[in-house]
Amino acid sequence: MYSQVSKFTRLALTLACTSLLPLAMAAQDNAKPATPASAQAPSKWDLFAGYSYLAPKGSIIDNGTQQDNARSISCCADVSLARYFTNYFGVQAEGDFHKNGGNNTAVVHDQFSGGSGGLIFRYPTEDITPFAHALVGGESVSTTYYDSNKWGMVLTAGGGIDYNTPWLDHHLAIRVFQADYQYSHVDMFPVVRGNFNMARLSTGIVVSFGTMAPPPTVTIACAAQPNSIFPGEPVTVTATVGNTLPKDHVIYTWSGQGVTGSDTTAKVDTTNLAPGSYTVNCGVKEGKPGKEGLKPWESASSTATFTVKEYEPPTLSCSANPTDLKPGDSSTVTSQGVSPQNRPLTYSYQASGGTISGSGTTATYSSTGASTGPVQITCNVADDKGHTATANTSVTIQPPPPPPGPSPEQVRLEQRLALHSVFFPTAQPREKHPEGGLVESQQTILNTLATDFKSYLQFKPDAHLTLTGHADPRGSDKYNQALSERRVNRAKDFLVSQGVSADAIEVQALGETQELTKDEVTDLVNKNPDLSDADKKKVLKRIGVIYLAQNRRVDISLTNTGQQSVQLYPFNAADSATLLNEKAAPHGKKAAPKKK
């Protein structure tokens, strides 16, 4: 009867475990999309309970004689608890109970029960978890020959496969099989001793607890308000954390230019920040006091940004009143500057003519010294950040009234003050007689000039005469320079002798450096109103003589008007022959050029 029940029990358990497999597979396939992330991590604790079948092979030996054989035991159970320290490695404690009875159920024929501990290794995957373990422990054995329980040593090595299901939120698995080899040695002193090699096959369910997945990583996000400011305006940065553990200690860190803070908020001093974009770094650490952030999931960091805007430059307008001025008059210039951020402003002014003074919103323009016509006035404004603006206005300086015209007497004198060049004979005046050289006709010209110029000085006291002496090119440079100096000094002395102030006369001697060319002399002859056409032809036949005579002269100019003396030769003068005579050889005569 007991044998029939045992067979029925074994069959029922086997069918039950087999029937669970398709249900578990179907349930797991349906649940895959909903598998939470924490359920995918391997468990920390595994509790196994199930049916176990034991097949011992060994004998009871008494003084070398076999007394009994161990029999297969189809009953009863195997229970284990595994604690994993990593995804793959842990320790395991296991206990099993196996007994078998004959026709007389009151007599225990075989019993193997015990407890062991050791190492367990697994390789978790999404659907199945293969494992292997090695255990050592104690085994309680009783037999028909020796029915008292006796403890001995047991070694266990084996493994199996767990099939993972979505049941109990992925905490229930089916142990498809667990196959172990066991060796046990029991010394039933002083009666018998036994050695057993056993095969154990188990199946059942596994309930898991905990997870090897680390706690959720702490998170932090920080935001700056306001995120766009002008220099000097405050910024507040706020940190928001998540996934912190209530039992842990939390600390915050802040960094960045001008940033100060120690809790969930920080302040930014933007006084000295240049325009641009800035980053604030925020961080959080949790853990036991003094050990915050040692584990990867116990710290997090984030950033927040804000922008320091450039101050907007000021705007400026300016105007002048009045805008039409007489020479020497003044005008008031008014400026109106506006800073969008109300920065302090300073003003300055420039003018293209005249003077302008003032450093505030008004300035005074003076037209003294300015030329007539429009005058540009530039108004400037600057704030304390170096931004500037300019605006322009203008005033117009009216021309002064015309000066009174010359008197009739002055006009008469200016018209009468005709300047004529004075001509000298060849080599005159001599070095030994510098007072000579002025023929009568030329003295008459200088006498008339002296009379008119003295009257002219009454109206133009600052007027000056400039006498410029020349020489014909026949002498050496040194001789001609000295000769031209004697000629201008002779003319000046004559004018002074006629009452003209020496201070009103300037002299310069050019020697032969600016002589008239023959073409220029020819042109002067053709323009001479005192000669008829026939006279002009006659004179031009002697152009060589005329050319030399024309360069023996002193030119006269009026410095205040720039008037130049007329260089017409006095052909009709009574002493013109003396002036034209070229026979008197000058001292220091140049060597004649060699004929080629």
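In this predicted model, four strands form an open sheet in the order E11-E17-E16-E13, with mixed pairing. Strands are DSSP runs of E with at least two residues, helices are runs of H or I with at least four, and both are numbered from the N terminus; two strands pair if DSSP finds at least two bridges between them. Strand E11 (228-229) and strand E13 (249-255) stand at the edges with a single partner strand each, so one side of each has no neighbour in the sheet. E13 runs antiparallel to strand E16 (residues 276-287), and seven bridges join the two. Within this pairing, Thr253 has Gly283 of E16 as its bridge partner.

Residue numbers start from 1 along each chain as its sequence is written. As the model is predicted, local features need pLDDT of at least 70 and side-chain atom pairs count only at pLDDT 80 or more, while totals for chains, interfaces and linings use all residues, and side-chain values use heavy atoms, with hydrogens and water left out.

Turning to another strand pair, E10 (residues 219-225) is joined by seven bridges to strand E12 (residues 235-242), and the two run antiparallel. Ala224 stands opposite Val237 of E12.

For the chain as a whole, 10 helices and 30 strands are found. Of its 596 residues, 39% count as buried. Among contacts (heavy atoms within 4.5 Å) with a separation of 6 or more, 67% come from residues 24 or more positions apart.

A helical region follows. Two packed helices are described by the angle between their axes and the distance between the axes. Axes are lines fitted to C-alpha atoms, for helices over the stretch in contact, and angles run from 0 to 180 degrees between N-to-C directions. Helix H7 (residues 518-527) packs with helix H8 (residues 533-540) at about 160°, with the axes 9 Å apart. H7 is therefore roughly antiparallel to H8 (angles over 145 degrees count as roughly antiparallel, under 35 as roughly parallel, 65 to 115 as roughly perpendicular and the rest as oblique). The contact is made by Thr522, Val525 and Asn526 of H7 together with Lys536, Val539 and Leu540 of H8.

H7 also packs with helix H9 (residues 543-550), at an angle of about 95° and with the axes 10 Å apart. This makes H7 roughly perpendicular to H9. H7 contributes Lys518, Val521, Thr522, Leu524 and Val525 to the contact, and H9 contributes Ile543, Ile546, Tyr547 and Gln550. H9 itself is mostly covered, with six of its eight residues buried: Val545, Ile546, Tyr547, Leu548, Ala549 and Gln550. These buried residues pack against strand E26 (422-423), H7, H8, strand E29 (553-558) and helix H10 (576-580).

Finally, Thr372 lies in the loop between strand E23 (362-366) and strand E24 (373-383). Its relative accessibility is 44%, so Thr372 counts as partly exposed. Not counting residues up to four places away in sequence, Thr372 touches Ile397, Gln398, Pro399 and Pro400. Thr372 and Pro327 are 45 residues apart in sequence, yet 7.6 Å apart in space, C-alpha to C-alpha.

Conventions
Buried means under 20% relative accessible area, exposed over 50%, partly exposed in between (1.4 Å probe, protein chains only).
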